Amino acid sequence: MNVQDEWDRWAEVWQQQPPADMERLHRRARRKLWRMRAIVVFELLVSAIAVAQVMRLMGFAGIEWRWKLWAALTLVLLLIMQGLLLRARRGAWRASGDGPGAVLRLMARQAVAGIRLARVNIWGVVLWVAVTLLVAAPELAPARWQHDPQLKRLILLQCAVNLPIIVAGLGLCAWYLRRQRRRLREVQALLRAYEE
């Protein structure tokens with residue numbers, strides 16, 4: 001079989017593919033924009049509540065200095081994370097035009113922003129857990145909590161409540177990261193097809 005016949009066959013198959021439904025892509029981009037706005041509002045609200053709680057914890061007189069340091073580090077990490085999350089979305093809010101190429105480029109920027117968001121969240125959670133475990137190390141020593149029933153209950157409660165949330169959050173971020181990478185590949189393929 002000669003090469004030209006092969007190219008002609010591939011061109012024929014490609015031309016038989018249905019064109020991208022641009023109205024569906026426009027709707028998808030608009031939905032993503034509204035979801036992004038809602039998520040940013042939710043993140044800012046949760047961050048404000050967390051800042052208030054951490055500030056309150058730092059003001060308690062009966063709290064050990066280690067936990068006040070933990071609260072201060074948590075506050076710094078929280079503010080840095082919020083800044084990184086807002087920065088990760090840069091350029092992913094609006095299309096530069098109404099044409100199919102502009103919408104596809106916006107969708108690609110949104111997928112890249114999603115990848116950045118997932119990475120920032122994963123590393124932020126890992127860093128926060130590491131700092132927390134480092135500060136809590138004296139309480140986590142078996143000799144300490146095995147002889148203090150109140151501390152033992154507190155540690156078990158923290159593990160029962162926070163461990164599933166952290167594992168689920170990291171799992172959700174990993175799933176979202178894979179999903180955004182797949183979406184980016186799909187949008188880039190559509191963009192290449194559109195530009196050809």
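Two residues are in contact when heavy atoms of theirs lie within 4.5 Å. With that in hand, welcome to this structure, which is a predicted model.

**The overall picture**

Let us begin with the fold. The chain has six helices and zero strands, so its pattern along the sequence reads α-α-α-α-α-α. Among contacts between residues at least 6 apart in sequence, 74% join residues at least 24 apart.

A few values for the whole chain are gathered here.

| Item | Value |
|---|---|
| Residues in the chain | 196 residues |
| Buried residues | 28% of the 196 residues |
| Accessible surface | about 13,400 Å² |
| Part of that surface belonging to carbon and sulfur atoms | 67% |

**A patch of positive charge**

Now to the surface. Which residues gather in a patch of positive charge there? They are Arg24, Arg27, Arg31, Arg35, Arg119, Arg178, Arg179, Arg181, Arg182 and Arg185. Two elements each give two or more residues to this patch: helix H2, spanning 22-59, and helix H6, spanning 149-195. Of the elements, H6 gives the most, with five residues.

**A look at one member**

Arg24 belongs to the positive patch and is found in helix H2. Is Arg24 buried, partly exposed or exposed? Its relative accessibility is 40%, so Arg24 counts as partly exposed. The reasoning rests on the cut-offs: buried means under 20% relative accessible area, exposed means over 50%, and partly exposed lies in between.

Methods. Residues numbered from 1 in each chain as written. Predicted model: local features only at pLDDT ≥ 70, side-chain atom pairs only at ≥ 80, totals over all residues. Heavy atoms only, no water. Helix = DSSP H or I, 4+ residues; strand = E, 2+ residues; numbered from the N terminus. Buried < 20%, exposed > 50% of the residue type's maximum accessible area, 1.4 Å probe, protein only. Areas by Shrake-Rupley, 256 points an atom, 1.4 Å probe, with all protein chains shown as cover. Patch = residues over 30% accessible without salt bridge, like charges linked within 9 Å, V, L, I, M, F, W, Y side chains within 5 Å. Salt bridge = Lys/Arg side-chain N within 4 Å of Asp/Glu carboxyl O. Lys, Arg positive; Asp, Glu negative; His and termini not counted. Charge placed at Lys NZ, Arg CZ, Asp CG, Glu CD.
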